[in-house]
Amino acid sequence: MKRTLPLPFWIAHRGAGKLAPENTLAAFRLGAQHGYRAFECDVKLSRDGVPFLLHDSTLNRTTSARGRAAERDWSELSRLDAGGWHSRAFAGEPLMSLEALAAFILANRFALNIEIKPTPGQEFETGEVVGREVLRLWAGQTSLPVFSSFQPEALRGARASAPEVPRGLLLDGLRAGWLDEAQALGCQAVISNYNLMDAATVARIHGADMRALVYTVNDEAAVRWLRANGVDGIITDAVDKFSPVG
Ligand code: G3P
Ligand code: MG
């Protein structure tokens, strides 16, 4: 039987791509205003073990602070400005905990792809903590998020604490044994850089009863090529360009 993922075809990258400060509530709201019903986000741990949204290991690019995010407690992180770097309109926008994002996602019945983006050295622990937190936040819900990670150890951690939450292996290259690796991790999806996802690769993934998704597609010609190749989902920044219907 073909396994399905709890994700629609179109997924908004980091909330609303580059139109709002990535991984903040402002971005998810903007993506939703463009009709998106599924979102990708990047999650790591604060020093005191709170899962929160941030792409980089350091705070430098996307907040008002400097240095490693993993060296600060959530009480401190939650007071930073994570919007002013983007534009004045978003100044003061805070970082977001996974708990706050869950409230927004569940209230709206949206779907969520949680990319586990561990601070280096914290791969297993981050997956394990995020898994536990998702089971707490989504308790009693019929539809769960989907985990993904470039780090197999993070997926192992998530599987240890939340085996029932579907997993996808992220790939930025087709390294030797990638399909076996995804299967050994019990993944239901492979999510690759879109340049890698030709028809033969999609067929191999489907042949292993997994879904084939791609990131980060912002170009119409690429969308046509990927659809013709049979991909099952697209993560995009271009929420103002691609209608998520169909
Ligand atoms: O999850 C897909 C995509 O977000 C992976 O790359 O660097 O944008 O997190 P990155
Ligand atoms: Mg990501």
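Reader: How many residues of strand β8 are buried?
Author: In strand β8 (residues 211–215), 5 of the 5 residues are buried, so the strand is largely enclosed by the rest of the structure. Buried means under 20% relative accessible area, exposed over 50%, and partly exposed in between, using a 1.4 Å probe and protein chains only. Strands (E, at least two residues) and helices (H or I, at least four) are DSSP runs, numbered from the N terminus. This is a predicted model: local features need pLDDT of at least 70, side-chain atom pairs count only at pLDDT 80 or more, and totals for chains, interfaces and linings use all residues. Residues are numbered from 1 along each chain as its sequence is written, chains are lettered from A and ligands numbered from 1 in the order in which they are written, and side-chain values use heavy atoms, with hydrogens and water left out.

Reader: Thanks! Which residues of β8 point one way and which the other?
Author: R211, L213 and Y215 point one way, while A212 and V214 point the other way.

Reader: In which sense do β7 and β8 pair?
Author: Strand β7 (residues 189–193) pairs with β8 in the parallel sense over 5 bridges. Two strands pair if DSSP finds at least two bridges between them. Opposite R211 of β8 stands A189. To get from β7 to β8, the chain crosses through helix α7 (residues 199–207), and this β-α-β crossover is right-handed. Right-handed here means that, with the strands pointing away from the viewer, the path from the first strand over the helix to the second runs clockwise.

Reader: And how many bridges join β8 to β9?
Author: There are 2 bridges between β8 and strand β9 (residues 233–236), and the two strands run parallel. L213 has G233 in β9 as its bridge partner. The chain goes from β8 through helix α8 (residues 220–229) to β9 in a right-handed β-α-β crossover.

Reader: Since you mention β4, what sits on each of its faces?
Author: A111, N113 and E115 are on one side and L112, I114 and I116 on the other, and all are buried. With 6 of the 6 residues of β4 buried, the strand is largely enclosed by the rest of the structure. β2 and β4 run parallel and are joined by 6 bridges, with C41 standing opposite I114. On to β5: strand β5 (residues 146–149) pairs with β4 in the parallel sense over 3 bridges, and F147 in β5 is the bridge partner of I114. β4, helix α4 (residues 123–137) and β5 make a right-handed β-α-β unit.

Reader: Nice. What surrounds ligand 1?
Author: Its surroundings are H13, R14, E40, D42, H55, E115, K117, F150, L170, Y215 and I235. A residue is near a molecule if one of its heavy atoms lies within 4 Å of it. Oxygen atoms of ligand 1 also take part in polar contacts (pairs of N or O atoms within 3.5 Å; within protein, one must be able to donate a hydrogen and the other to accept it, and residues adjacent in sequence count only if both atoms are side-chain atoms). A polar side-chain atom of R14 lies 2.8 Å from an oxygen atom of ligand 1, and one of H55 lies 2.7 Å from an oxygen atom of the ligand.

Reader: Last one: is R109 buried or exposed?
Author: R109 is exposed, with a relative accessible area of 77%. R109 lies in the loop between α3 (98–108) and β4, and has a positive phi of about 55° although it is not a glycine. Most residues other than glycine have a negative phi.
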